[in-house]
Amino acid sequence: MRRLLTAACWLLALGGALTSCSIMTDEPEDCDYGCWLQLHYTYNILDVEAAPKYVKDVTVYVYDSLGQYVKRAVATQEELAQQGYRVKVDGLEPGDYDFVVWSGAGASAYTVAGDTRRKDDFWLSLTQRDGTSARELPALFHGQLTTAHCDNTFAEYDVELMKNTNQLACLVVPVTAAPTPLSADDYTMKLVTANSVMDATNRPTATATTTYEPYEQAAVTLDDAEYGELHGVRYSLSTLRLMGDRACRLVLEKTATGEELLSISLPEYVGQMGTLYTNLGRPLTVQEYLDRQDFYTLVFFVTGDLEQLLQLQVNSWRLRAFNHIKL
């Protein structure tokens, strides 16, 4: 009986060892040994796993326990799909490591200083001219893992990604008769904030502001339940991570003269929506909402002379201006 139990134990141990290999071959590189990072993108407004839909490629920067650069690992979208959205990091000496993960950083819209630099010296920057950006930014994601132990055995760690790019659809819609029809070329919308450079922890380090200008603007017609058929202008903007603790102004101005007709703190207005959403039974903070939500529709219902803001709609929520707001 003891021999049978011993044999059974050996079979169980062998079976456990074999299940760590995805393919039964004689080649050791086909085995799931080593350090693997399982990527997730559930940090979104719907709390659903969306990595397979949105994560296209990945670069992993590896640092030792002292913050010294060790190496990087790269995985394409095809490789990620084949490996269940996992990334294998080979060639690490036994020890503890920090991993900084970026997806989409290889696009020409971004410049990365990562190789051979210490973790504290890492930066990712928006590629721009004269402090302005007027393009639809490719999707950018960030994730990090600290003090993960890796050796010659199998180890797998979960890494949660955060989306760093946001799209804004800003509609300026007069609700009373305008002296002249509103033209897309008469006015422009811009977002001004200092968020063009990110460090390894995904915090903005830029001190100079970046002006995000529309990559598209056009006349629109919409049927509003309260005001009926309305005609206005839509401005499409794309920006990097929005921060609740940084100045960030959304500005509408006359194209010809640069005169400001509207200027609001975007995080302040948009962040009010965060308390209407919950996660694990608690309201989202302003920063959580800004990080989870990546698309915003802002409709400015204004008087025909663009002198007063009557209502502001953020996605499906409306904020009514008390006694109207002088712009």
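Helices, of type H or I and at least four residues long, are DSSP runs numbered from the N terminus. Helix α5 covers residues 286-292 and contains Asp 291. The model is predicted.

Asp 291 is buried, because its relative accessible area is 4% and the cut-off for buried is under 20%. Which residues is Asp 291 in contact with, once neighbours within four places in sequence are left aside? They are Tyr 43, Met 162, Lys 163, Arg 241 and Leu 242.

The strands come next. Strands of a sheet pair through backbone hydrogen bonds, in a parallel or an antiparallel manner. Strand β17 spans residues 228-239 and strand β12 spans residues 166-174. The two run antiparallel and are joined by seven bridges. Within this pairing, Leu 171 has Arg 234 of β17 as its bridge partner. Strand β17 is also joined to strand β16, residues 216-224. Here nine bridges are found, and the strands again run antiparallel. Gln 217 stands opposite Tyr 235 of β17. Three residues lie between β16 and β17, and the two strands form a hairpin.

An open sheet is built from three strands in the order β4-β1-β10. Its pairing is mixed. Strands β4 (86-89) and β10 (155-160) stand at the edges. Each has a single partner strand, so one side of each has no neighbour in the sheet. From one strand to the next, the twist averages 25 degrees. Strand β1, residues 35-40, pairs with β4 in the antiparallel sense over four bridges. Cys 35 has Val 89 of β4 as its bridge partner.

The nonpolar cores complete the picture. In soluble globular proteins, nonpolar side chains tend to be buried together. The largest nonpolar core holds 49 residues. Which of its residues touch the most other members? They are Leu 250, Leu 298 and Phe 300. Strand β22, residues 295-302, gives the most to this core, with four residues. Leaving aside neighbours within four places in sequence, Phe 300 is in contact with Cys 170, Leu 171, Val 172 and Val 173, among others. Its contacts also include Met 189, Leu 250, Leu 262 and Ile 264. Leu 309, Gln 311 and Leu 312 are on the list too. A second, separate core has 26 residues, including Ala 50, Val 58, Phe 99 and Leu 145.

Definitions and conventions. Residues are numbered from 1 along each chain as its sequence is written. This is a predicted model: local features need pLDDT of at least 70, side-chain atom pairs count only at pLDDT 80 or more; totals for chains, interfaces and linings use all residues. Side-chain values use heavy atoms; hydrogens and water are left out. Two strands pair if DSSP finds at least two bridges between them. Axes are lines fitted to C-alpha atoms, for helices over the stretch in contact, and angles run from 0 to 180 degrees between N-to-C directions. A nonpolar core is a set of buried Ala, Val, Leu, Ile, Met, Phe, Trp, Tyr and Cys residues joined through side-chain atoms within 4.5 Å. Buried means under 20% relative accessible area, exposed over 50%, partly exposed in between (1.4 Å probe, protein chains only). Contact means heavy atoms within 4.5 Å.
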